[in-house]
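Q: Hi, I'm new to this one. Can we go through it together, starting with how contacts are counted?

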Amino acid sequence: GPLPGRRAPVRPRHFRAPLAMALAAAAVVGARAQIYTFDKEPVPPERTLHTLHSFFIYSHADAPERGAGNPFVKFHGLQAHSADPGVSDAELQSYDSIQISLLPFKKFWDFIDPHKFCAIWKDVASGEADKADQLLVDRAKAGHTLDEYMHAVRFNVAEKDTQVSVRETGVYILVYSNCGNLTRATVSGSVIVKNAYGFLPGNEYHKLPFYGWLMLTYVAMAMVWMWLSFRWWRELFHIQYCIAGVIFLGLLEAFFWWVLFNGWNSSGQRSSAIFVIAIFSSVLKSVFSFMLVLVASLGWGVTRPYLDQRTVVKLAALCIAYIILDFIRQSVLSFRHTHTMSVPFKLTCLLPVALMNGVLFYWTFTALSGLMETLRERKQHEKLLLFERLWKVLIAALGVGSCTMLFQIFDLSRNIDIRWHYQWFFADGISHLLFLSVLAGMMFLWGPHMNSQRFAYSAVDSKDDVADKDDKAKVEVWADEDEGLEDGEDDSFWAVTHGAEGTRAKSVVPADTIGASSALES
């Protein structure tokens with residue numbers, strides 16, 4: 001249908017439910033740029049309105065920063081043009097039924113009647129509207145405060161820009177309406193919305209300082225890890241190099257997202273190139289960190305020097321598939337705000353990554369459980385303690401992540417006008433903080449120090465089990481031989497050939513040289 005996605009047409013004869021769906025879609029997806037451009041945009045069909053975008057705006061009093069002045073909406077360079085070759089713009093100069101309006105989401109139903117939102121002459125006569133064939137709002141509830149947020153787009157007239165201050169914090173819906181009978185026309189121009197701090201939407205603003213602090217945190221972690229690595233460079237092994245790579249990728253990710261939001265806040269437009277780089281850095285960091293935890297759980301560099309060929313092929317295939325699918329997923333989550341996408345298409349993009357995450361978690365915890373059992377059997381208690389702590393860190397992170405997801409699902413039932421203030425934290429903030437916590441835990445567990453090599457793979461470790469089994473077998477053989485002796489039999493022969501430590505230490509003759517002692521005595 002026409003409701004989900006970029007625009008939502010509604011006619012007066014439609015029910016309230018379709019318009020509710022349109023508003024919900026527009027509010028949930030939000031605007032990804034504070035400058036909405038009309039580039040020869042076809043006008044809506046007769047007596048129809050479209051919901052195009054939602055803007056998240058702070059009032060000057062509520063804004064987290066106020067360096068850019070009062071928040072405002074500007075109708076810039078808007079002009080209509082005829083798309084009918086037989087009708088010129090001059091002939092349509094008096095047509096003023098095309099309007100672009102900014103209406104508050106919270107009070108939308110108070111102002112707009114879904115069964116009648118285009119004024120007629122009767123409404124003008126009763127004082128409910130100024131003109132016929134224009135958008136009708138309930139003035140008993142809205143008064144005249146909305147008039148300045150409703151801009152009529154005219155033909156053949158280059159009107160001056162109209163700038164209006166926004167005095168109330170909230171979500172605002174950009175409405176594109178045509179209450180007349182003309183359909184063959186287009187509109188060009190732009191609607192510019194600016195907050196008191198810049199052009200970032202209110203629901204995205206807090207990501208800017210968040211990624212700034214995240215970047216500084218990664219810088220501090222990189223400096224600490226570099227200092228430890230230089231100090232104990234002789235003790236380093238594979239996993240510690242991989243941890244350094246994860247810190248570097250995390251730093252790159254935070255840097256590119258900070259650059260993206262900073263540029264967006266300054267210019268009002270999101271850079272496509274930086275956006276692609278930022279997504280790619282996020283995907284690489286996720287894949288590399290997942291693989292690090294997985295190969296560590298498989299015992300690479302700890303109980304085995306390398307992974308078998310079959311496992312390496314599986315890991316490579318999983319990495320390639322994850323990079324492709326996760327890049328698609330993050331792109332879809334972003335461009336769904338400006339493109340119409342069906343629910344099956346979205347699920348097709350999202351479900352494969354969710355399934356792969358489940359496979360990775362299952363494989364990691366299964367491998368980690370098996371590794372701890374192996375270390376327990378080999379009695380390598382220091383390594384066992386390390387991986388038991390890693391198990392606890394991963395379980396804690398998984399628990400917090402699951403609770404966050406459940407809260408997000410529950411929170412979807414709440415009005416977007418309430419949750420847009422903190423939605424960014426649950427969508428992005430917690431996942432980054434969890435990742436940072438797991439990374440800090442691994443840095444603590446595998447931090448370079450004077451005895452780091454105790455946790456690395458050693459050929460001696462791999463022979464421990466064989467040696468233990470051989471010693472046990474020898475004890476059982478000598479025990480069987482002792483059981484075969486009679487109580488009164490002289491045991492001097494066994495004392496010489498297999499004898500006790502004291503006898504063996506005093507003898508200078510190999511134990512298996514029978515009769516050598518007698519020869520020496522003579």
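A: Contact means heavy atoms within 4.5 Å. This is a predicted model: local features need pLDDT of at least 70, side-chain atom pairs count only at pLDDT 80 or more, and totals for chains, interfaces and linings use all residues. Residues are numbered from 1 along each chain as its sequence is written, and side-chain values use heavy atoms, with hydrogens and water left out.

Q: OK, what does Asn203 touch, leaving out residues up to four places away in sequence?
A: Phe56, Trp420 and Trp424.

Q: Is Asn203 buried or exposed?
A: Asn203 is buried, at 14% relative accessibility. Buried means under 20% relative accessible area, exposed over 50%, partly exposed in between (1.4 Å probe, protein chains only).

Q: New topic. How many aromatic pairs are there?
A: The structure has 23. Rings of Phe, Tyr and Trp (its six-membered ring) pair if their centres lie within 6.5 Å; planes under 30 degrees apart count as stacked, over 60 as edge-to-face and the rest as tilted.

Q: Why is the pair of Trp257 and Phe261 stacked?
A: Their ring centres are 6.0 Å apart and the planes are at 25 degrees, so the pair counts as stacked. Trp257 is buried at 11%, and Phe261 is buried at 3%.

Q: And what about Phe387 and Trp446?
A: That pair is edge-to-face, because the centres are 5.5 Å apart and the planes are at 75 degrees. Phe387 and Trp446 are 59 residues apart, and the pair links distant parts of the chain. Phe387 is buried at 1% relative accessibility; Trp446 is buried too, at 2%.

Conventions:
Helix = DSSP H or I, 4+ residues; strand = E, 2+ residues; numbered from the N terminus.
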